[in-house]
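I opened this entry to record what I looked up, item by item. The structure comes first, then my notes.

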Amino acid sequence: MSDRAPADAAPLWSALRRFASWDAVIIAATALFLVVAASTVEHFGTARNAGHIIVDLAPVLLLALVMTLIVATGEIDLSVASTVGLTGAAMGWMWNHGIALETIMPLTVLLGALLGAVNGLFITGFGLPSLAVTIGTLALYRGLAYVVLGDTAVADWPRDFTGWTLGTIGDTGVPNIVVPLIALALVVGLVLHCTPIGRAVYAAGANPVAAAYSGIAVGRLKCWLYVASGAMAGLVGVFWTLRYSSARADNAYGLELTVVAVVLLGGVSIFGGKGRLPGVLAAVVLLTALQNALRLAHVSTETLTVVTGALLIAAVLAPNLLTAAGDALRSRRRRAAASL
Amino acid sequence: MSRKRLLSITASLLAGVLIAASACGGTTRGDDEGDGPTGTGGTANPDAEYRTGLSFAMLPKQVNNPYFEASSTGAETVAAELGGEYEFTGPSDASASSQVSYIDTLSQQATDVILLSANDPNALCSSLDQARSGGSVVVTFDSDVDPACRDLFVSQVDSAEVGLALLEMTAEQIDGTGEIAVLSATANATNQNAWIDVMRAELESNPSYADMELVEVVYGDDEDEKSFSETQGLLQAHPDLRAIVSPTTVGIAAAARYLSGSEYQGQVALTGLGTPNQMREFVKDGTVTEFALWDPTALGELAAYTGAAAASGIITGAEGEVFTAGDLGEYTVGADGVVTLGPPTRFNAENIDDFDF
């Protein structure tokens with residue numbers, strides 16, 4: 001009897017491992033949550049609420065796309081929310097100076113890319129730790145945003161543009177923003193999972209020295225990732241300003257923590273080298289939908305914050321527990337094999 | 001593709017977009033003269049009764065703020081009196097974007113009366129439009145939005161009166177001479193900025209304030225620790241400072257705590273807007289001589305009555321309409337749909353024990 005157990009456990013474990021990769025777990029959890037919430041929380045399952053959730057999650061999702069790549073290389077960018085604030089403020093300044101909005105929008109994205117390039121230069125050019133550099137630019141860019149706009153808000157944005165950010169495609173009830181969200185997620189997903197760039201990202205995160213010896217220009221790769229992160233933050237700066245019809249220096253204040261949180265919740269290792277985009281996308285949906293459902297269920301703000309915090313700790317803990325459980329099972333199997 | 005080629009392609013693409021935009025005449029400031037929905041429409045019936053069973057929700061700038069908790073008590077009393085449901089909900093950070101999510105939630109729950117203290121005059125508009133087209137009455141209190149985005153605004157007091165009262169109290173406490181500084185809430189806070197503007201204008205124009213100088217305005221973001229350290233910073237940066245004016249309940253309490261434990265206690269005057277319960281110990285230990293505030297509980301009551309009156313068709317928000325707000329008495333709607341509570345109350349060692357909020 002006892003000699004059959006390891007033989008049975010091996011295929012079972014490998015099957016379990018295939019299904020129990022963290023991003024599969026988080027996708028399943030998200031789907032389960034959406035079904036349960038739709039059937040138990042009043043007003044949650046409506047098309048209108050789905051629209052609200054999508055518009056609410058857009059900034060976090062966009063920033064998380066590039067953040068996933070950066071964290072996968074073992075680095076971090078904490079300046080994204082401040083970049084959103086500064087690019088938004090610059091957008092307001094340009095609007096006040098009579099520049100056409102069609103010109104302002106690409107310039108804003110370009111400014112974001114430049115701000116990202118500053119991060120990239122300090123991190124890869126001077127070899128400084130990304131945590132320190134981007135905490136610095138987090139404060140610096142937010143401060144500059146106040147220099148640009150001071151305590152004023154620019155709010156007279158044309159309704160054609162602000163309406164688009166909240167509008168839907170025809171009468172379908174599908175928010176306009178869904179199209180760019182899917183397109184950008186597809187592009188980043190394909191780059192990460194189907195191209196040499198993606199493989200270089202994981203290699204640089206898993207072992208930068210080995211990656212460098214195998215011909216990957218780790219520094220240049222990381223530098224471009226920061227440029228991309230800045231450009232994305234510039235794009236979010238445009239979206240945020242138009243969606244709230246308000247360019248203010250404190251736009252997106254504190255959003256960087258949510259972005260890093262969903263990337264970790266999505267299963268990307270903070271030490272680099274591991275993690276997949278679908279998990280991160282599911283994490284964005286899960287976190288936004290959870291907060292929405294709790295609000296609809298009249299849960300108090302304090303409880304909401306506590307639940308969100310607990311979820312994030314569980315997310316960081318759970319993959320480690322899964323690995324530990326796998327190791328335990330394997331070593332028991334080895335012991336069983338040795339005792340035969 | 002080489003890096004140089006990538007760069008040059010990107011650059012030329014961008015240049016192309018820019019040229020196209022300017023050549024084709026893009027959208028610039030002033031092109032758009034669109035206007036939002038205005039007024040509740042319909043006609044008022046001043047003799048109508050208050051509807052029973054209305055659902056009320058109060059959405060403050062942030063929860064866990066004693067000031068808004070007092071307003072909530074007032075509104076809850078009114079909701080109970082009218083046989084309605086009541087909910088107090090809102091974000092824990094004072095940002096406009098988090099308020100938007102809460103407004104969306106309330107409009108989905110088809111709340112009859114939304115009582116809102118806004119974190120931004122414009123950012124909430126599209127959500128409020130949606131809520132109102134779904135049948136909710138939106139009454140702002142304490143801090144207003146663009147008048148086109150709400151039905152009525154219940155003002156605690158006229159902003160000119162607050163600014164003047166703040167300056168008057170300060171002048172009395174420092175004999176009208178010396179440097180003063182302001183410890184405000186967030187840099188975008190609508191009413192704090194209005195009061196500071198009134199103070200600035202009055203300092204310039206009124207000869208009896210000629211010897212007073214406003215040297216700096218700092219922002220504590222309505223966070224206790226930040227307000228505390230901004231106070232410390234002010235005193236270090238301006239050794240000749242005679243008085244600090246903090247027109248926010250969080251700021252004045254933090255500043256009082258710093259002053260009472262420092263060498264500046266009794267040397268630098270502190271006044272502003274605070275609640276009696278927060279400030280009692282500092283008035284008793286001599287840190288603070290006099291400060292002011294309106295009664296936030298009465299403000300919450302009036303906001304709830306105003307919302308109920310609009311939801312019952314007693315008023316529509318047009319100038320000159322009259323309604324009775326329970327024990328508070330009769331109120332008249334002013335220009336732009338503004339209802340004003342009354343002048344601020346001053347609190348000092350003599351009367352502070354008569355108040356509990």
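**Notes on sheets, helices and a chain contact**

I began with one strand pair: β3 (residues 113-116) and β4 (residues 137-141) of chain B pair in the parallel sense over 4 bridges. I count two strands as paired if DSSP finds at least two bridges between them. Helices (H or I, at least four residues) and strands (E, at least two) are DSSP runs, numbered from the N terminus. I noted that the model is predicted: local features need pLDDT of at least 70, side-chain atom pairs count only at pLDDT 80 or more, and totals for chains, interfaces and linings use all residues. Residues are numbered from 1 along each chain as its sequence is written, while chains are lettered from A and ligands numbered from 1 in the order in which they are written.

Within that strand pair, I found Ile114(B) bridged to Val138(B) in β4(B).

**The six-strand sheet**

I then looked up the sheet: 6 strands of chain B form an open, parallel sheet in the order β2-β1-β3-β4-β5-β13. β2 (85-88) and β13 (338-340) of chain B stand at its edges with a single partner strand each, so one side of each has no neighbour in the sheet. Neighbouring strands are turned by 20° against each other on average, direction ignored. For angles, axes are lines fitted to C-alpha atoms, for helices over the stretch in contact, and the values run from 0 to 180 degrees between N-to-C directions.

I saw helix α3 (residues 96-108) of chain B lying across β1 (55-59) and β3, at about 175° to β1(B). Residues are in contact if their C-beta atoms, placed from the backbone, lie within 7 Å.

I checked Asp142(B) in the loop between β4 and β5 (152-155) of chain B. Its phi is near 70°, a positive value in a residue other than glycine. Is Asp142(B) buried or exposed? Asp142(B) is buried, with 24 other C-beta atoms within 10 Å. The cut-offs are 20 or more for buried, 12 or fewer for exposed, and partly exposed in between, with C-beta atoms placed from the backbone.

**The four-strand sheet**

I moved to a sheet of 4 strands in chain B, open and parallel, ordered β7-β6-β8-β9. Its edge strands are β7 (212-219) and β9 (269-272), each pairing on one side only. The twist averages 25° from one strand to the next.

β6 (residues 178-184) and β8 (residues 241-246) of chain B share 4 bridges in the parallel sense. There I found Ala181(B) partnered with Ile244(B) of β8(B). Helix α7 (residues 224-237) of chain B lies across β6, β7 and β8, at about 160° to β6(B).

**Chain A**

I looked up two helices: the axes of α4 (residues 80-96) and α5 of chain A come within 9 Å and cross at roughly 145°. By class, their contact has 10 nonpolar, 4 polar and no charged residues. Ala, Val, Leu, Ile, Met, Phe, Trp, Tyr, Cys and Pro count as nonpolar, Asp, Glu, Lys and Arg as charged, and the others, Gly among them, as polar.

Ala252(A) also has a positive phi, near 60°. Ala252(A) counts as buried, with 29 C-beta neighbours inside 10 Å.

**Where the chains meet**

Key
Contact = placed C-beta atoms within 7 Å.
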